[in-house]
Amino acid sequence: MTSTWVRTVAAQREYRVEWRLISLRLLNRHVDYDAQFPPGYEAGHTAGLQLLRVAARARAEHGPAALDPLYATLGRHVFEDPAGQPPPERATSRAFVEQVLTEAGLPTGLAGAVDEESWDAEIQEETDAALRLTGKDVGTPILHFRPPDGTAFFGPVISRAPSPEDAVALWDHVVALADFAGFAELKRSLRERPQLPAFGVSPGEVGRQEDWHGGSRRQHR
């Protein structure tokens with residue numbers, strides 16, 4: 001949802017967006033998923049890491065510009081299908097990944113990276129680099145304004161897709177906060193389910209509120 005907002009703003013402003021990689025599975029590599037997360041989270045985070053391997057290889061072989069269409073196409077297939085999110089085993093299947101790559105204008109041979117653990121070190125380094133910018137008590141998304149020296153924040157976490165006009169206004173407000181060196185956090189744990197068909201929320205509808213205590217759905221048992 002945040003990436004869609006960023007693209008909406010970039011289309012109206014003279015911004016250059018560089019997409020980077022961050023893995024929640026690597027970030028939580030020392031976490032007991034069974035004790036701290038609802039069922040299915042480990043499989044979902046692992047599938048995310050596998051798809052990031054494809055992204056890392058696509059960037060290495062076709063340049064940074066390959067990430068934008070790949071990420072956008074993945075987002076559409078994973079989050080915008082009214083039938084719901086594909087299960088991890090389907091999202092990482094050869095047929096699914098090859099379809100995404102074809103629609104993104106990339107070679108289907110990149111799908112083999114799903115099982116190539118050799119990309120994990122690069123993904124880990126970018127995950128660590130993101131946390132060096134924000135501190136460790138964060139998740140995704142992370143935005144880094146005016147890199148390399150600008151401020152980076154976790155968020156904003158948004159549940160609705162803003163109109164083009166609202167997207168720019170929201171961006172300007174977030175940039176204003178980022179420009180103030182003393183700003184650290186603005187937060188609430190109540191969140192609406194994202195305005196995405198895969199979550200059962202159609203465009204124009206408002207998802208029910210959930211309390212993400214501690215910044216996530218962790219159960220903290």
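Select R160 and E192 to begin: these residues form a salt bridge (a side-chain nitrogen of Lys or Arg within 4 Å of a carboxyl oxygen of Asp or Glu), with the closest N and O atoms 2.6 Å apart. R160 lies in the loop between strand 2 (152-154) and helix 9, and E192 in strand 3 (residues 190-192), so the pair ties together parts that are 32 residues apart in sequence. Helices (H or I, at least four residues) and strands (E, at least two) are DSSP runs, numbered from the N terminus.

The model is predicted: local features need pLDDT of at least 70 and side-chain atom pairs count only at pLDDT 80 or more, while totals for chains, interfaces and linings use all residues. Residues are numbered from 1 along each chain as its sequence is written, and side-chain values use heavy atoms, with hydrogens and water left out.

Colour the two partners by accessibility next. Buried means under 20% relative accessible area, exposed over 50%, and partly exposed in between (1.4 Å probe, protein chains only). R160 is partly exposed at 42%, whereas E192 is buried at 19%.

**Further salt bridges**

The structure holds 17 salt bridges. Select R25 and E42, whose closest N and O atoms are 3.0 Å apart in a salt bridge. This pair links distant parts of the chain, with R25 in helix 2 and E42 in helix 4 (residues 41-62), 17 residues apart. R25 is buried, its relative accessible area being 16%, and E42 is partly exposed at 34%.

Move to E210 and R208, where the side chains meet in a salt bridge of 3.7 Å, N to O. E210 is buried at 16% relative accessible area; R208 is exposed at 55%. Then select R20, R59, E122 and E126, which salt bridges with shared partners join into one network.

**Aromatic pairs**

A search of the whole structure finds eight aromatic pairs. Rings of Phe, Tyr and Trp (its six-membered ring) pair if their centres lie within 6.5 Å; planes under 30 degrees apart count as stacked, over 60 as edge-to-face and the rest as tilted.

Select Y15 and W171: the ring centres are 5.3 Å apart and the planes stand at 55°, so the pair is tilted. Y15 lies in the loop between helix 1 (2-10) and helix 2 (24-27), and W171 in helix 9 (residues 164-179), so the pair ties together parts that are 156 residues apart in sequence. Y15 is partly exposed, with a relative accessible area of 38%, while W171 counts as buried at 9%.

Continue to W19 and Y71, whose ring centres are 5.5 Å apart with planes at 65°, so the pair is edge-to-face. W19 sits in the loop between helix 1 and helix 2 and Y71 in helix 5 (residues 67-79), a link between distant parts of the chain, 52 residues apart. W19 is buried at 17% relative accessibility, and Y71 is partly exposed at 43%.

**Helix 1**

Which residues of helix 1 are buried? Select T2, S3, W5, V6 and V9 to see them.
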